[in-house]
2 protein chains.
Amino acid sequence: MENNILEKVKYNHHGLVPAIAQDVESGRVLMMAWMNEESLKLTLETRRAHYFSRSRKKLWLKGETSGHFQDVVDMALDCDGDTILMRVHQTGAACHNGTFSCFEQPLLESEEEMGGDSRVLQELYDVIADR
Amino acid sequence: MENNILEKVKYNHHGLVPAIAQDVESGRVLMMAWMNEESLKLTLETRRAHYFSRSRKKLWLKGETSGHFQDVVDMALDCDGDTILMRVHQTGAACHNGTFSCFEQPLLESEEEMGGDSRVLQELYDVIADR
């Protein structure tokens with residue numbers, strides 16, 4: 001399967017493809033970074049997320065210096081082959097700022113205090129706590 | 001808040017920024033597409049996801065022809081300001097292929113039959129069902 005599907009990955013003109021990391025336990029989207037062919041192959045082989053740093057222009061094993069590795073559970077390619085989604089076990093914090101997710105700057109707030117998914121989980125916990 | 005934070009959005013040299021859409025009920029990552037400044041502003045104003053189609057080179061209200069709108073619950077910018085995350089209520093299917101998510105081509109399968117999050121939820125349901 002892998003060899004076949006790997007041919008479907010469409011790299012941009014810099015030879016890079018965006019990869020989204022999602023925490024498998026919480027479902028939270030952690031970060032989006034870029035992979036070249038080498039980092040994608042290393043990620044598939046080692047089941048640890050490897051990216052390509054556009055600023056440092058080099059292969060980058062996530063967690064290499066921080067210890068905050070991303071152990072990959074599964075990976076999927078999108079319909080047009082130009083974006084990768086990884087579900088990972090995140091050790092520590094995904095963000096170099098120390099937050100669990102990199103998406104911590106609100107652009108638009110929820111109209112309700114709590115979003116739908118949090119509410120559903122909260123209700124589940126309440127049901128369990130009540131019993 | 002919005003005006004201030006909007007200045008932090010870093011568009012690439014095509015004037016675009018990637019935007020990830022996540023379904024707020026299931027937590028599933030649905031798709032990644034691109035926004036220009038106009039589509040970002042329209043998304044913030046209308047709370048409906050607008051993108052910029054790179055192939056058609058035009059503004060694109062998601063669901064305009066299919067009816068599969070994405071109603072935005074909240075939006076966040078990542079630490080370096082170059083990726084947006086939207087949590088949405090997805091009407092119908094996010095993918096033009098008819099699947100709920102665009103990420104349907106496996107690149108790497110889970111080593112277990114079920115991923116961690118499914119297992120946790122399954123255990124929660126089992127606890128509730130048992131009582």
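These legends walk you through several close-up views of a predicted model.

A few notes first. Residues are numbered from 1 along each chain as its sequence is written, while chains are lettered from A and ligands numbered from 1 in the order in which they are written. In this predicted model, local features need pLDDT of at least 70, side-chain atom pairs count only at pLDDT 80 or more, and totals for chains, interfaces and linings use all residues, with side-chain values taken from heavy atoms and with hydrogens and water left out.

**View 1**
Chain A holds three helices and seven strands; helices (H or I, at least four residues) and strands (E, at least two) are DSSP runs, numbered from the N terminus. Starting at the N terminus, its elements follow the order α-β-β-α-β-β-β-β-β-α. Of the 131 residues in chain A, 49% are buried, where buried means under 20% relative accessible area, exposed over 50%, and partly exposed in between (1.4 Å probe, protein chains only). Contacts here are heavy atoms within 4.5 Å. Among the contacts in chain A with a separation of 6 or more, 43% involve residues 24 or more positions apart. The chain exposes about 6,800 Å², with 48% of it supplied by carbon and sulfur atoms; these accessible areas come from the Shrake-Rupley method with a 1.4 Å probe, and for residues only the protein chains shown count as cover.

**View 1. Two copies around one axis.**
Chain A superposes on chain B by a rotation of 180° with 0.0 Å of shift along its axis, giving an RMSD of 0.0 Å. The two copies are therefore related as by a two-fold rotation axis. The superposition is by least squares on the C-alpha atoms of residues with pLDDT of at least 70 in both copies. To find the axis from chain A, look for A:G27, the residue of that chain that comes closest to it, at 2.8 Å (C-alpha). Of the interface residues of chain A, 98% are also interface residues in chain B, so the copies meet through the same surface.

Two strands pair if DSSP finds at least two bridges between them.

**View 2. Strand β5(A) and its two neighbours.**
Strand β5 (residues 70–78) of chain A is joined to β7(B) by four bridges, and the two run antiparallel. Here A:A76 has B:P106 as its bridge partner, and A:M75 stands opposite B:L108. With strand β6 (residues 84–90) of chain A, β5(A) also pairs in the antiparallel sense, over seven bridges. In that pairing A:D71 faces A:H89 as its opposite number. The hairpin of β5(A) and β6(A) has five residues between the strands, and A:G81 there takes a positive phi near 75°. Eight of the nine residues of β5(A) are buried, so you will see it mostly covered.

**View 3. One face of helix α2(A).**
In helix α2 (residues 37–46) of chain A, the buried residues are A:S39, A:L40, A:T43 and A:L44. Seen down the axis of α2(A), these fall within an arc of 135°, so they line one face of the helix; the arc is that of the directions from the helix axis to the C-beta atoms. Just after the helix, A:R47 takes a positive phi of about 55°.

**View 4. Two loop residues of chain B.**
Is B:R47 buried or exposed? At 17% relative accessibility, B:R47 counts as buried. This residue lies in the loop between α2 (37–46) and β3 (50–53) of chain B, and its phi is near 55°, a positive value in a residue other than glycine. B:K57, in the loop between β3 and β4 (58–61) of chain B, is not a glycine either, yet has a positive phi of about 50°. With 66% relative accessibility, B:K57 counts as exposed.
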